[in-house]
Amino acid sequence: MRNLGKANSLSKLGKAGFLVPRFFVCNSSCPEKKILSKIEAELSSVKFFAVRSSAANEDSKLKSYAGHFYSGIGVTNEAVFTEVKKVHESFGQIAGKVIIQDFIPSESAGVMFTEVEDNNIVINSTIGLCQPVVSGLACDEYICNKNGDILSKTISKKKEIRLFINNKIIKQISDVESLTEKQIKQLIQLGKRIQNFFGSKQDVEWCFLNNKLYVLQSRPITRDFTIFKDRVYFDSANIAESYSGIVLPLTQSFARVVYAQVYRDLLRMSGVFVKKLDHHPEIFENLLGFFYGRMYYNMNNWYLMAAFIPGYKRNKENFELMITSNIKQNITTSIKPSLIFSFIYPLIVIVKAGIYGFTSKYFKNTVTKELRKLQDQNFDQLQYLDCIDLFEVINMKLLRQWYIAVENDFFVMTYLGILKKLINEQLLQKVIKFPSKSTEQVTELSLLSKKMYEVKNLWNAIEANDVKRFNNELPHHRELERLLNKYLHSFGGRFANELKLESVGVDEDTTKLFSVLKAYRNYKLKLNVLSEEIKLPFFKKIIVQIILSKFKKHASLREEFRLLRSNTFCMARRLFRRMGVILTENGVIENADDIFYLQMEELLDQTALKNKQCFSSSKNLAKIIQQRKKDYNSYKSITPPSHFATTNNLPPSVKQDIKFEGNIIHASPASPGIIKGRVRVFKEFSMPEKIDFDILVTSHTDPGWTSLIALSKGLIIEHGGVLSHASIVARELNIPAVIGARDAMVVLKNQQMVEIDGSTGTIRII
Amino acid sequence: MKILKYKPSKTPIPELVTLVKDKYGDKKNFDFFFSDFQKAYNFCIDNPNISFLPFSSFENEQLVAHIALIIDKRLLENEAFFGFFEMEQNLSVLKAIWQSLKEEAKKMGISVLKGPVNGSIWHQYRCIKETDSSEYFKSEPMSESYYYKLLTQMKPLSEVSYYSASREKFDNVMEVIKTEFRKLITVGFQIEELKNVSYEQLLQIAEISRIAFRNSWGYTDLTEKEFLQLYSSDKLETHLNKLYLLYKDQQIIGYCGTSVENKQTLILKTICILPEYQGLGLGNALAYKIHLDAQKEGFKKVIYALIREDNKVKNFPKDDTLIFRRYAAFEFKI
């Protein structure tokens, strides 16, 4: 009998000496009696069988019906005939035969692709029987090269495995790695031999039992596929400045919505058709990614976004510069601007640039006006539904305007890009000082501190952290009260982690204000040295000066907009806190602060208040909070990488211990000057009782760190770039700074002596 | 520009030899350097512990850059050296060859690159960072001083710094460390000076070095065979002036070697004390003895060769010394 498909290759493999379980082939219409007598003759000692399909051309080079037809495994003698019928039925109109095979109750099994892209071998494997792998359930994946080196390995922690125990197939969940290194090497050898034998790339089903490696099937790979095609790149870049460390679900979901809206609006206002944008909602909804409670940019979507408007390469570079990404990749996309749009786009940009002075004024006025209104609103009076309505107001009148601020960012990046081309890094560091409101903030703080010190009662209350006494005393000093209010109005929204909704600000916790006031008792503002004279050829100098003045204008506008953003977030925070209070009063959640563990959609649901009686865990907010608290607690001990690539949204592998050797760390220059002194590592923002350090070391800073930065003589920051807030403030306050000092927080220890050179970016450990 | 990953043969490719000779051939002690260069190359080629993957970059049939990935099984799993690094002063050439090196390293599962190291830290390693342009001494690594600048452009994670210094006036330093030498004799330590080293002594020295240096940057254990290839008794005799062994109860617990640069100049090389005896002033006592002998033998200058900047020698006086060269080795995270 001529064997068809699978049976054909199996018999060839058997004859060539590969270990193939014994089998015979019968017609799908074969009567039971005949099958049983064949079993008696050819598989007499076998107790359990596998019954599989072997259709015509089923697994030829041109076609593969992998997984289309029925297979039975662990089948007893009595059940074989029924299983044969099932296989036969699954053929439908297609001609085919049935394989009856010795069933191997394997210890581990899987599928191997003998050659994929660049000579790699891909192995998918699991514990027990092969069935889960074939049906596409979670399994382990190894990508190896033909020398036997494992290039990547992904071990699934929740494998649904099938074991053959006591003559029965049972299901279990396993997190155990399915293969040993030796077995992987054996498989690679097998793969190479089979591919040589057939002369084409093969998809091999295999299994291990008692240290023997069986070939269950082998068929040609019918469709080329790329293993690295679907890699998605994630980078924490400068988002970790605004949202450093663990960010709770409410902030995450809020940021996701804001990013989606702002960037969609940006493209829409740049002339991209709404219809086109609506075709790709997933790009905007997934500009951010979240792993272990940390926030990342999904770089693929940022790149796709850059493809909507003409000048992909430049847009992409601008994005990369703007978010200071570590990742610089190229991805393929079918998104392209239309020819007409490409033609009129430069005109749109020119018009926009021409009227940006007005646009930005309009933006500033509208936002400031709206903020005033909100600041005067009594949040404590609001009912739950009022809160939902007010959120819509904040969204429409404030957040939806923010694309104008992003447009300004583009001007900043474009001018910075030109400057970088015109002058070298060292000169650039010296000339790009611009006002960022930090001098203003620091001066006001210092004045406030001195004035309050003069009033003994008030200062005693501050020293004793006695809020009540302070609040009683303050109204007796009108001028001081006015000064404090003025400060809070301008900088109330400015505190560390100010963009995280769960943060508590100085306007909410007066003791925070006290510690800043104490730290500023003896502060002396360093005199600002004027920008250096640029020494360049005449014409070049003129050009540099023009670009520089444009850059400075937009860069300081950027800082102003950031302060407005912080104040807007402050309002959103107040609103969410109010919702938390209402939910607690109604017994839906335990603590008002628990709302930060909810997603924004869950909170803005009009039925949220009624969820008390709801027992379904998907709607029971208290239960959701309980579970998320557990998850987020477990994230605390994890230090995920700052950037990585992944597939299927799998979380990245967690960083290994850092072994550091050497006495010089190379980072990037951020603010010129040389300073020698003791370091202090700040895992998070805190205002120390005593300033017993010279150089501040931390991973990221946001504008809320200004008060602490101003008290330091030098800065070492792990992540960021020239336009990171720390760099801007350091330059403005003449503090030497280096940025991008990878692992500095781990390498440097408190009180260690170091010397930093802000113009070369080096840190010397003394 | 064409970048080639090539299969190494038993000897370095002729273009590399020419490039090295063009660069340093007219320098003092070049022959010494070149023989070390070849030894290091052989160490990488005939070695079951090492995968040696060299890259070359050609422009108009001229070798413009050369670099090799050196994967030694004795390093941590994700670490490798790069070495045999020679090139012209051109950043874009470096960028291109560096990219190839990085890609190859990543494919092999490497995430940390250390170098420049020609094979191991027992061979020539480091590049020059600053120099007063004085002549090279024997066994000094030769490199263009722009290598430092070029490599820092590839954004290293960290840098290990070394320097060489010289001293022409011995009196002051000897006065300071004299007490340590006197103390040493009274508490049961002895110094023996040797011209010839026996096989057993050599093995003991190897063991002490292993214990004292195993935590050093880039350290790899050598097999006995490798060690003897590097430091056979014959070879030591040709290069070494004297070997000072430090004993406690008949056990060698430290050593120091000197070699002669010329009639006027003595080079003080590795000084090694077992960790449990460090901090007792034994190093200074050894140094005293060496300076004393140097004075007696009429040397006018001592060179302290290739010292790590943040090493464990804390109390040796540095006054009257002149640092004439600084070197660096880098660590890159890729």
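In chain A, 67% of the contacts between residues at least 6 apart in sequence join residues at least 24 apart; two residues are in contact if their C-beta atoms, placed from the backbone, lie within 7 Å. This is a predicted model, in which local features need pLDDT of at least 70 and side-chain atom pairs count only at pLDDT 80 or more, while totals for chains, interfaces and linings use all residues. Residues are numbered from 1 along each chain as its sequence is written, and chains are lettered from A and ligands numbered from 1 in the order in which they are written.

**View 1. Chain A has 27 helices and 24 strands.** Helices (H or I, at least four residues) and strands (E, at least two) are DSSP runs, numbered from the N terminus. Of the 766 residues, 42% count as buried, with 20 or more other C-beta atoms within 10 Å of their own, all placed from the backbone.

View 2. S6(A) pairs with strand S5 (residues 108-116) of chain A in the antiparallel sense over seven bridges; strands pair if DSSP finds at least two bridges between them. Here Ala109(A) has Thr126(A) as its bridge partner. Six bridges also join S6(A) to S7(A) (residues 140-145), again antiparallel, and Val122(A) stands opposite Ile143(A).

View 3. Two bridges join S17(A) to strand S7 (residues 158-167) of chain B, running antiparallel, and Ile664(A) has Glu159(B) as its bridge partner.

Key
A residue is buried if 20 or more other C-beta atoms lie within 10 Å of its own, exposed if 12 or fewer, and partly exposed in between; C-beta atoms are placed from the backbone.
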